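Notebook open, structure loaded. I wanted to look up the metal site and the charged pairs, and to jot down what turned up.

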Amino acid sequence: MPKPITIEDIKVILTQPGKSRLCIVKVITSEPGLYGLGCATFTQRIFAVAAAIERHLKPFLLGRDVERIEEIWRMSMVHGYWRNGPVLNNAISGVDQALWDIKGKRAGMPVCVLLGGKLREGANVYVHADGGSKEEVADKALAYMEQGFRYIRVQLGGYGGQASQLIKPRNAPPGAYYDPRDYCRNMLEMIAHVRDQVGEEVELLHDIHERLAPIHALEFAKDVEGFKLFFLEDALAPEDIHWFRHIRGQCATPLAMGELFNNPHEWQLLIQERLIDFIRMHISQMGGITPARNVAIFADMYGVRTAWHGPGDTSPVGHAANLQLDLWHPNFGIQEWYQPSSLDYEMFPGLPVVEDGYLYPNDEPGLGIDLDERLAAKYPCQDIVEEWTQARLPDGTPVRP
Ligand code: MG
């Protein structure tokens with residue numbers, strides 16, 4: 001038996017090339033020049049993830065055989081006794097994705113080939129059209145169509161919308177106020193307008209972002225049915241998933257759910273009872289490629305397709321991991337895609353590219369992406385107190401963002 005290649009060092013690289021703070025894990029091996037990259041981006045609590053990796057996972061993983069991904073994933077998950085949760089799962093994902101990257105580099109194969117091989121050459125993506133008025137949203141959607149995109153998420157005024165009139169109580173604290181009932185009316189009007197402008201052939205999506213009471217989410221899903229969305233996302237909060245039975249029983253609006261999920265109990269019921277159409281976990285939030293592979297296979301048996309989370313708070317390394325999964329699994333549905341900047345492409349050589357609405361890999365071994373660490377160091381993470389997550393109802397009550 002040849003001597004195993006082992007984990008020699010684990011580095012955490014925090015950087016902020018754009019709005020989102022990113023956490024990249026670099027696993028350095030005992031083989032000179034061989035390393036892997038993984039995404040551990042939980043942007044709102046980025047420093048907690050870095051500490052979990054540096055202070056807890058790293059001492060536990062140094063010297064381990066890089067080929068034993070399954071062993072490392074399982075033992076990392078239970079080693080702290082208290083398991084799951086966004087900080088730990090993201091930390092584990094950083095290592096897990098890097099180990100898949102290393103395995104691919106050693107084999108001389110992209111990760112999708114290790115998983116079973118390509119089922120498609122490129123992944124259909126959807127992009128975000130968000131505007132301050134329904135006309136602006138429609139214009140943005142039309143501009144995307146000109147660029148070849150066939151799937152477009154339409155949002156008006158950000159999550160929760162912008163209420164036409166907000167009557168707050170005296171001494172109302174600061175926050176991201178919205179009015180759920182106003183939201184329902186405005187979104188229906190916007191979706192009707194956009195559908196009218198863009199025609200029937202383009203696929204439209206919308207994200208409620210868990211902003212409605214369950215009964216109003218049900219009402220909205222029924223009201224929007226005639227506009228034939230490709231999917232309606234996060235109609236309910238993870239805490240309200242049993243309500244999906246009622247939406248399912250009353251309309252045929254396709255449903256997507258899961259970016260907040262980090263515990264298997266959250267997705268098992270929805271898949272087994274066929275209550276949703278798309279699972280869309282944030283791959284690092286669920287613990288990396290290893291659990292995503294398992295869930296994709298599980299969901300395939302129930303006719304549930306994938307739509308992995310992929311906005312700007314997924315790092316370019318995370319997007320490369322998403323794409324490797326997308327190319328392989330039989331139940332691929334759609335991939336969310338953001339608009340990378342030229343700095344993103346410079347900092348992360350190999351970041352996938354879009355053409356005619358398809359996301360393409362570069363077919364390099366592993367995840368096919370690298371990181372210019374010297375450039376990343378020039379863009380350190382800022383100290384940010386998030387404002388958009390301080391969501392409030394008109395009377396000031398704090399709610400889920
Ligand atoms: Mg979402």
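Metal site first. I find the magnesium ion coordinated by Asp207 (OD), Glu233 (OE) and Glu259 (OE), at 1.9 to 2.4 Å. I counted as donors N, O and S atoms within 2.8 Å of the metal (3.2 Å for Na, K and Ca); water is not among the atoms, so the site may look incomplete. Along the chain, the donors of the magnesium ion are spaced D-x25-E-x25-E. Aspartate 207 sits in strand β7 (residues 203–207) and glutamate 259 in the loop between β9 (255–257) and α9 (264–272), so this pair ties together parts 52 residues apart in sequence. For the elements I used DSSP runs, numbered from the N terminus: helices are H or I, at least four residues, and strands are E, at least two. I looked up burial too: aspartate 207 and glutamate 259 are both buried. My cut-offs are under 20% relative accessible area for buried, over 50% for exposed, and partly exposed in between (1.4 Å probe, protein chains only).

Ground rules for this entry. This is a predicted model, where local features need pLDDT of at least 70 and side-chain atom pairs count only at pLDDT 80 or more, while totals for chains, interfaces and linings use all residues. I number residues from 1 along each chain as its sequence is written, and side-chain values use heavy atoms, with hydrogens and water left out.

Salt bridges next. How many does a search of the whole structure find? I get 23 salt bridges, taking each as a side-chain nitrogen of Lys or Arg within 4 Å of a carboxyl oxygen of Asp or Glu.

Then I checked some single pairs. Glutamate 219 bridges to arginine 181, with the closest N and O atoms 3.0 Å apart. Glutamate 219 is in helix α7 (residues 214–223) and arginine 181 in helix α6 (residues 180–198), so the pair ties together parts 38 residues apart in sequence. Glutamate 219 is partly exposed at 33%, and arginine 181 is partly exposed at 35%.

Arginine 400 pairs with aspartate 240, closest N and O atoms 3.3 Å apart. This one links distant parts of the chain, 160 residues apart: arginine 400 is in the segment after β15 (391–392), and aspartate 240 is in the loop between β8 (231–233) and α8 (244–250). Buried or partly exposed? I noted arginine 400 as partly exposed at 34%, but aspartate 240 as buried at 17%.

Last entry: arginine 64 and glutamate 71 form a salt bridge at 3.8 Å, N to O.
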